[in-house]
Amino acid sequence: MVESTLPPDASAGWFRLRRAICAWLRDAAESAALAIVLDDLHAADAETLALLDTVAEQLAAAPILLVAAYRPTETGDRLAETLAVLARRSPRRLPLCGLSLPEVNTLVRAVYAGPVDAATVAALAERTGGNPFYVKETVGLLAAEGAPVAVSGVPDGVRDVLLRRLARLPAAAVSVLRLAAVCGLEADVEVLVAATEADDRAQALDALEACVVAGLLTEPAPGLVRFAHALVRDTVYTGISGLRRAGMHGQIALALERLRPGDLSALAHHFTQAGSSGTAASAVSYAVRAAELAERRYAHHAASELLARALACQRRIPPDAGSGDREAQRIDLLGRLLRAQVRSGAVAAARATRQRAVELAERAGREDLLLAALTAWTEPAPWQARPYGLVDARTVDGVERLLRRADLDPPARVRLLATLVAELAGEDDPRTAPAARETVELARRLSDPALLAFALAEDARRRRWDREPDRRARLAAEIGRIGTEHGLVAYRWWGEYIAATVAGARGDLAALTRHVEQGLEMARAYQMCEPLAVGLCSEGMLAHVAGRFADAERSYTVACAQMERTGSLHADGFRVLAAVTVRASQHRLADFARLERKLDAEYGREAADVRAAALAAAGRHDEARAVVTAAPMLRPDFYLSIFATLRAMAVVAVGDRESAEELYALLLPVGDQLAGAASTSLAMRPVGHTLGELALLLDRPGAAAEHFTTAVAVARAWQAPHWETEARSARRRCRP
């Protein structure tokens with residue numbers, strides 16, 4: 001059964017949560033200065049890092065000290081991005097290098113009561129690199145076995161030091177220490193005791209006490225034990241075989257289930273790591289419940305990871321476990337995962353997940369499962385949720401088959417129609433327009449504003465972005481109004497985005513700039529991944545239009561990096577096309593003539609126009625003519641004028657009058673626009689300039705002069721002096 005309402009707006013909820021946390025911290029800091037210490041930041045999830053960004057920005061003036069510690073050797077992409085953002089606040093960086101020789105001497109004499117000569121201290125400093133933990137651990141070896149072993153026998157890493165110490169512990173203590181390592185850096189004593197295989201509680205406590213006495217564990221609070229150092233825990237944990245580790249996870253999971261049934265995150269972690277078919281059903285249940293909790297906290301990356309684990313565990317449930325409709329359960333899990341991936345910006349991963357669900361439903365031969373799979377996508381995505389120029393025939397066939405059913409409820413039909421429109425958008429397909437009309441008409445009859453906004457957004461996406469500016473302006477206003485009135489931030493952003501495309505089509509630079517800035521501000525405030533990439537692309541386009549080519553390439557580089565981080569389907573192809581548009585303005589298209597295979601690999605058959613223009617610019621006219629002859633039909637989408645401009649450059653260079661006639665008729669309706677500007681992401685010279693060159697090739701000098709005059713006016717309106725100068729020069733070539 002398909003729900004009739006979309007889930008609460010994820011971006012708005014995440015924004016409100018961060019705002020509430022900032023308000024709480026600000027209130028707490030009013031009575032006394034506050035210090036917030038974040039340790040092991042390298043292990044933080046995406047939502048924690050995003051919260052740190054927000055707190056650092058919003059509370060910069062509050063009496064709050066933020067201290068973050070991390071291992072530089074474990075800095076991933078997420079943390080690197082956060083550190084780059086924090087760098088704008090000029091934080092004080094304190095690299096923790098090794099202790100100097102005098103400091104090692106002070107430490108050794110502070111923790112070792114026996115006599116130590118200077119040569120031994122120097123040897124210890126050299127062997128440990130001044131690492132305080134290594135020094136302290138080596139001093140323990142010094143106390144136990146003397147200077148010769150400590151100096152000459154000290155291993156390179158802490159692992160061997162610990163193995164020496166572990167060898168002296170009772171077997172029961174080693175066992176409970178390994179169990180504690182499986183729990184994590186910190187462990188609940190009651191859970192540890194319940195999970196041990198000791199005969200009684202006293203025996204388990206004795207084993208724990210031995211670890212505390214040995215200095216491997218500390219007691220930070222009653223009922224808790226914590227490893228003295230993360231390296232201790234890591235060393236112990238990696239020393240456990242995978243088979244035994246899985247069994248220990250299972251022991252801890254069962255103990256947690258009895259003692260801490262509300263700790264969903266821990267239960268999900270340990271049950272999914274247990275690897276037992278007997279606990280697989282529990283693993284799925286706890287992972288789903290933990291993912292729901294993560295979604296309520298707007299931790300969509302965490303939810304995606306939990307649901308992926310749930311899917312893996314669901315496969316381990318025995319066939320005779322009586323767990324009900326296994327195929328339906330798996331489709332439900334895939335739908336949940338898909339939505340979490342879309343909300344986290346991982347659109348490519350979400351599309352792959354939907355494909356898995358569709359394949360499963362088709363193998364089962366069940367239309368109810370196919371309906372669930374094809375209506376699971378409930379979140380708007382700025383760009384096409386499919387590779388550029390490709391249509392998934394299986395998805396289209398499945399949607400059309402389901403639409404013929406007479407028992408569909410209206411919300412399910414709306415979502416199926418929206419899926420069809422999204423899959424066919426930008427194609428010259430007669431099914432798109434009627435499907436979009438029905439989607440909107442049906443959605444208007446339902447009392448679900450989010451579903452209506454979803455339908456309107458797909459209707460806006462399927463229309464030519466350089467055409468119907470008045471109609472698209474009305475769509476932008478309605479979508480933005482729904483987003484504002486109902487707290488749906490994603491649709492508020494969509495309203496700004498569509499309004500920006502309208503301004504691009506109308507040549508209204510001021511309005512376009514305003515909508516881009518407002519959309520970027522919203523994307524940054526609400527941590528909206530794909531919208532942020534869209535805004536960064538718009539910044540690159542505006543820099544290109546202004547003739548700031550280096551700035552444009554930098555902006556596009558940042559935008560593509562953002563697209564890659566979120567798993568965008570379009571990062572590789574867009575990187576190439578962005579570079580092509582900028583190089584065309586620099587008269588450097590010949591740079592791409594030697595990249596034929598790379599262009600084919602990254603942009604498929606749509607690379608034909610890039611190749612043709614590049615070959616023509618390099619003077620390889622015969623090759624360019626062959627590429628134009630074999631080129632596919634231009635797609636009527638948001639990049640039509642970009643690809644048409646590139647093709648026209650080649651056509652004019654090789655003197656192909658037949659192709660010139662076709663391109664002239666195609667571009668004439670948008671002759672007063674800047675090529676690509678309606679996409680808000682890419683731009684090339686005014687369409688009038690291209691029309692003028694085509695008209696000259698077709699021996700129409702009067703029309704050419706008019707087109708170049710229009711190009712001058714368009715370039716001036718866009719404040720693009722480089723294109724204005726080129727259009728004026730071209731106009732002088734026209735015969736009276």
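Helix 25 spans residues 489–506 and holds both Trp-494 and Tyr-497. The two sit 3 residues apart, about one turn of the helix. Both are buried in this predicted model.

The structure holds 6 aromatic pairs. In the Trp-494 and Tyr-497 pair, the ring centres are 5.6 Å apart and the planes stand at 75°. That angle is over 60°, so the pair counts as edge-to-face. Ring pairs also bring in Trp-493, giving a cluster of Trp-493, Trp-494 and Tyr-497.

## Aromatic pair between helices 28 and 29

Tyr-556 and Phe-574 form an edge-to-face aromatic pair. Their rings lie 5.7 Å centre to centre, with 70° between the planes. This pair links distant parts of the chain. Tyr-556 belongs to helix 28 (residues 549–565). Phe-574 belongs to helix 29 (residues 571–585).

## A buried glutamate

Glu-423 lies in helix 21, which covers residues 410–424. Its relative accessibility is 2%, under the 20% cut-off, so Glu-423 counts as buried.

What lies 2.9 Å from a polar atom of the Glu-423 side chain? The backbone nitrogen of Asp-392 does. Asp-392 is also one of the contacts of Glu-423 beyond four places in sequence. Arginines among these contacts are Arg-351, Arg-354 and Arg-386. The others include Leu-390, Val-391, Thr-395 and Val-396.

## Parallel strands and their crossover

Strand 1 (residues 34–38) pairs with strand 2 (residues 64–68). The pairing is parallel and runs over 5 bridges. Ala-35 has Leu-65 of strand 2 as its bridge partner. Between the two strands, the chain passes through helix 2 (residues 46–58). This β-α-β crossover is right-handed.

Strand 4 pairs with strand 5 (residues 224–227) over 2 bridges. There, Leu-217 stands opposite Phe-227 of strand 5.

Conventions: Residues are numbered from 1 along each chain as its sequence is written. This is a predicted model: local features need pLDDT of at least 70, side-chain atom pairs count only at pLDDT 80 or more; totals for chains, interfaces and linings use all residues. Side-chain values use heavy atoms; hydrogens and water are left out. Helices (H or I, at least four residues) and strands (E, at least two) are DSSP runs, numbered from the N terminus. Buried means under 20% relative accessible area, exposed over 50%, partly exposed in between (1.4 Å probe, protein chains only). A polar contact is a pair of N or O atoms within 3.5 Å; within protein, one must be able to donate a hydrogen and the other to accept it, and residues adjacent in sequence count only if both atoms are side-chain atoms. Contact means heavy atoms within 4.5 Å. Two strands pair if DSSP finds at least two bridges between them. A crossover is right-handed if, with the strands pointing away from the viewer, the path from the first strand over the helix to the second runs clockwise. Rings of Phe, Tyr and Trp (its six-membered ring) pair if their centres lie within 6.5 Å; planes under 30 degrees apart count as stacked, over 60 as edge-to-face and the rest as tilted.
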